[in-house]
Amino acid sequence: MKVADYQLSQYLPVLILGIVAVAFAAGTLLLSVLVGKRGRDSRIKDTAYECGMLPVGAGGTRLSVKFYLVAMLFILFDIEVVFLYPWAVIFRSEAGREPGVILGSMIGFMLILFIGYLYALKKGAFDWKH
Amino acid sequence: MNLSLLTLELGVIGLALALLLIDLWTPPALTGRLGLAAAIGLLLILALSWNMSGGPPVVGCGGMFARDGLALFFKRLFLAVGVLVVLMGVEYRERLALGFGEFNVILLIALAGMMFAASANDFVLLFVAMELMSVSFYVLVSFQRSRLPSLEAGVKYLILSALAAAFLVFGIALIFGVGNTTNFAALNAEGVRLAQDKLYWLGLLMVLLGLAFKIAAFPLQMWAPDVYQGAPTPVTALLAIGSKAAGFVLLLRVLFVAAPVLAAHWSKLLMLASAVTILYGNLCAIPQRNLKRLLGYSSIANAGYLLLGVAAVNASGAAAVLYYLAGYLFTLAAAFLVICVVMRDNEDIGALAGLSRRSPLLAGALALAMVSLAGVPPLAGFLGKFLLFRALIERGAAESPESFRSYWLAGVAVIGVVISLYYYFAVIRVMYWAKDPPDLSPIIVPARVQIPLAVCLVAMIYLGVMPGAVLAGATEAVKALKF
Amino acid sequence: MLAWTILISFLGAAALVLLPAESRRAARHTALLTALAGLACALAGAVQYERSAASGTPVDLVNFSWIADLHIHFHLAADGVSITLVLLTGIAAVAGVLFSWNIERRTREFFALYLALIGSVYGVFLSFDLFLLFVFYELAIIPKYFLIAVWGSTRREYGAMKLALYSLVGSAMVLVGLIAAYVVSGAQTFDLTELAKYHFPAAFQHWAFPLVFVGFAILAGLWPFHTWAPTGHVAAPTAGSMLLAGVVMKLGAYGALRVAMTLFPEGLRAWQNEIALLAVIGIVYGATVALVQRDLKFVIGYSSVSHMGFVLLGLMTLSKIGLSGAVLQMFSHGIIAGLLFAVVGRMVYDRAHTRDLTELQPMNLSALAPFAAVTFVIAGAASMGLPGFSGFIAELQVLAGAWQVFPRLTLLAGVGILVGIAFMVRVWIKAFFAEGDIKASAIPIEPISMPERAGALVLLGTTVLIGLWPGLLLNLITPTLNSTLFQGMVKGGPQ
């Protein structure tokens with residue numbers, strides 16, 4: 001087997017996934033047309049769904065800075081979890097080799113985040129009243 | 001993994017975190033003290049670095065982190081810049097509107113990024129260190145958020161830095177794709193084989209482009225004047241000295257640790273970049289009226305001079321780069337300290353009028369800094385340029401000693417130096433004999449400025465007159481590189 | 001002994017900086033004392049050298065390792081040529097202080113810069129390590145610039161910047177050449193005597209020689225790179241012009257001889273004719289342009305270009321008589337040009353407040369300031385090269401040497417001398433001896449002061465002394481030209 005063929009064959013599962021995804025999406029749409037009951041339609045019902053916000057209007061609506069603050073904090077601590085999962089997966093194998101490193105690096109990471117948390121708390125980032 | 005390798009970096013980061021926490025419980029009136037505390041902390045870490053000198057080079061953290069003479073030389077450089085810039089920040093405090101505590105913390109984190117860069121032995125660490133610097137600088141440059149030029153500078157820096165980072169990542173991806181590793185030592189071991197692959201060349205070229213942004217060299221030098229002018233003065237100083245030095249240590253490592261095989265072929269390319277950078281910086285600096293902007297162009301020109309040492313592709317060239325940077329550090333720090341004190345709301349050169357009578361110390365310091373930048377003996381700038389020219393001419397002589405063509409770049413560089421005299425002397429002229437200076441009120445220079453200024457002046461003269469010790473250090477440091 | 005000249009001058013400058021700003025008297029006296037001490041050291045050193053058995057070979061004064069990694073030494077030494085120029089510097093320094101006695105604005109800073117310049121000049125003349133020589137050479141640029149730009153007159157900032165840029169271009173060319181010599185020789189040394197032993201490849205010498213020679217000669221007023229000289233001289237304060245013409249131009253000529261010609265004899269021979277031609281053009285051009293100037297200082301400024309042409313012509317003869325003439329002309333021109341500038345800048349301009357010949361014409365200066373008139377006449381006669389003055393011997397030697405090598409050019413140079421006589425006579429008549437309409441008593445004029453008389457006498461005495469007794473200096477110069485350092489240069493040329 002040539003190298004190029006080999007490399008491409010590695011991506012076969014991805015191709016299958018793609019096909020399944022397209023088939024699923026198309027299939028559900030088709031199914032709902034075939035099986036579903038057609039309801040009444042209105043202007044509102046036909047507009048795109050945009051997280052509960054009005055999709056039509058001025059683009060630069062002003063939001064409270066709190067939204068952004070919370071969003072950023074959410075992302076920060078969300079990322080923490082993103083790192084924690086793979087860490088947890090390899091923890092067992094790594095702990096056998098260098099237990100100090102694998103534990104220490106995560107503790108350091110958490111410590112820095114904790115200081116960040118303290119900072120945010122003390123600066124009143126979680127205080128909704130202001 | 002050996003944490004003791006990272007002592008200095010951990011020290012700086014620890015200092016930053018500690019400051020962040022202490023600042024939370026410090027009343028606003030006392031935050032100035034925090035700046036002084038940061039400076040003292042950095043000084044202690046600097047002192048600690050002498051404890052680490054000597055010993056064989058060590059590579060740790062999975063081959064990513066090198067602790068050798070080169071790294072140590074640059075770390076000391078960065079720590080010294082750090083001390084000076086933090087003190088500058090204390091002087092600049094009331095102009096920062098708010099967040100002086102955070103300002104110091106981010107400064108320290110940028111500094112940690114530079115220190116990691118000094119030790120980078122792997123493209124991953126290189127990238128992370130650079131981003132640590134860049135992200136910190138995005139915030140620092142636009143720190144005066146009620147001042148439009150600062151914001152403008154911040155946006156410009158953000159966009160162009162992102163562009164440079166894109167080049168860098170693309171280059172690293174190509175290198176990894178071809179070499180299957182990002183480790184410098186491993187790439188060097190495979191150097192001859194990899195050099196067959198054009199993609200590897202392209203990858204390294206992209207990396208060099210990314211680094212050219214950091215050092216403000218052609219073709220990615222455009223941002224420097226705008227950003228230097230807009231950023232708060234201490235940040236400009238850190239950009240001009242620290243960020244540039246970090247770019248150069250990475251450049252040296254990439255060229256002479258990861259790819260010495262290719263570096264020899266790129267001498268001409270680097271020479272060309274250097275010549276264009278020198279001429280561009282010096283010619284554009286002539287009509288400038290804003291001193292920080294002028295120093296921005298001058299910093300481009302200086303990046304060009306420093307590139308001469310890299311383009312020489314020999315040990316004396318690299319040592320000259322180190323030496324020049326050391327001299328450049330104290331020279332520019334002195335200049336920015338004076339700017340910090342004198343130019344409160346007007347950065348036009350005209351604002352310096354009558355400075356010789358308002359404060360002889362400040363005028364003398366700025367004059368000496370300008371003379372040193374112009375490369376007039378017996379100051380640090382002269383010896384640095386001398387060493388760079390020597391390395392370059394050695395390179396030319398190695399190719400063909402008799403033909404003048406091997407020395408053309410030295411000619412271009414020398415023309416640049418002559419041009420630079422014109423605008424540096426213009427600054428001195430204004431300070432000493434501007435006609436009818438509008439303001440002659442004496443300036444009181446606080447001790448926290450006097451002391452670092454004195455240190456800078458002494459260092460400038462010391463490096464110019466007694467270069468032995470530092471030059472020996474630089475020569476020793478570049479033994480980590482291969483030519 | 002000689003090495004003290006440098007140290008004393010810089011110490012004097014440092015002492016002046018530490019003086020309180022208001023003490024003008026103290027500043028003047030400190031400067032005069034320093035200059036006198038420097039001159040005394042120079043004289044003592046010269047006597048000591050002549051009594052010693054050196055007979056023309058360089059004598060080490062100071063030699064220790066400075067930058068060990070680069071093999072750069074702090075090496076000061078002296079031979080007859082350098083001692084001649086050190087003596088010139090000493091005399092010019094004393095006279096310059098005397099003629100600056102009336103400086104009231106920032107007196108202390110003026111003399112500090114003045115002494116720093118003198119110290120650097122001493123340094124250039126005594127350095128035998130080329131790196132050190134270059135450092136002193138560059139060090140002289142800063143005080144030069146400031147002296148003109150702060151205390152100067154007509155278009156001072158333009159003149160100062162032009163001079164600084166020309167000097168820097170020259171020194172940049174020199175630097176490239178020097179480093180190339182350092183690297184190419186493989187000896188990794190800047191020591192002059194060591195490098196002179198090395199035989200540089202011919203192809204290398206062919207470009208290195210003009211690079212270094214012209215780099216230095218820019219400061220010596222080599223045509224067509226002379227244009228800084230008239231504007232610089234005119235812009236400078238009196239003492240500044242005196243030093244520029246008297247000493248700084250000699251830095252260039254000295255460097256050209258000591259460095260370019262010594263290191264690259266083959267390149268020298270290849271370019272000999274071209275440079276001699278430029279020198280002669282300079283002689284004729286300078287004199288001709290001086291003939292039509294209205295500003296008295298411009299006249300002297302262009303005459304300097306003309307006289308320095310003789311120095312360069314003498315250098316290009318490569319014969320002993322021509323070379324010794326060139327060195328003597330350096331000394332002689334330094335004294336005479338200093339005197340001329342002193343009369344024009346201090347005695348005339350500070351009193352009449354004009355240097356324009358047509359405006360001076362009606363003033364009848366010979367009656368107003370007889371001392372100035374007499375001094376100027378004698379100095380002018382010396383400048384023409386009349387026998388009895390130092391310029392005569394020098395120009396005679398140069399022409400005699402040049403006659404053997406470039407007969408046709410020598411004739412041209414002779415024309416230059418004639419034109420030189422013409423412009424000087426014109427100045428005499430117009431500035432001093434015209435029939436004035438204004439009564440002498442109509443203009444209140446301050447009498448010529450004691451320091452001025454003393455300064456004029458020092459310079460006049462020197463030029464007459466050397467004119468009558470040239471052996472004083474030739475005994476220093478001639479044996480030096482026989483020494484090994486100059487052998488390579490002289491040997492190749494036609495005797």
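Two residues are in contact if their C-beta atoms, placed from the backbone, lie within 7 Å. The model is predicted: local features need pLDDT of at least 70, side-chain atom pairs count only at pLDDT 80 or more, and totals for chains, interfaces and linings use all residues. Residues are numbered from 1 along each chain as its sequence is written, with chains lettered from A and ligands numbered from 1 in the order in which they are written.

**View 1. Chain B meets chain C.** Chain B puts 30 residues into the contact, and chain C puts in 28. Helices 18 (380-399), 19 (408-433) and 21 (468-477) of chain B each give two or more residues to the side that touches chain C. Helix 19 gives the most, 11 residues. This side of chain B holds 22 nonpolar, four polar and four charged residues. Nonpolar means Ala, Val, Leu, Ile, Met, Phe, Trp, Tyr, Cys or Pro; charged means Asp, Glu, Lys or Arg; the others, Gly among them, are polar.

**View 2. Helix 14 of chain B (residues 291-311).** Helices are DSSP runs (H or I, at least four residues), and strands are E runs of at least two, numbered from the N terminus. At 1.5 Å a residue, its 21 residues should span 30 Å, and the end C-alpha atoms are 30 Å apart, which agrees. The expected span is 1.5 Å times one less than the number of residues. Val313(B) follows the helix, with a positive phi near 50 degrees.

**View 3. The fold of chain C.** Chain C has 22 helices and two strands. Of its 495 residues, 65% count as buried.

Conventions: A residue is buried if 20 or more other C-beta atoms lie within 10 Å of its own, exposed if 12 or fewer, and partly exposed in between; C-beta atoms are placed from the backbone.
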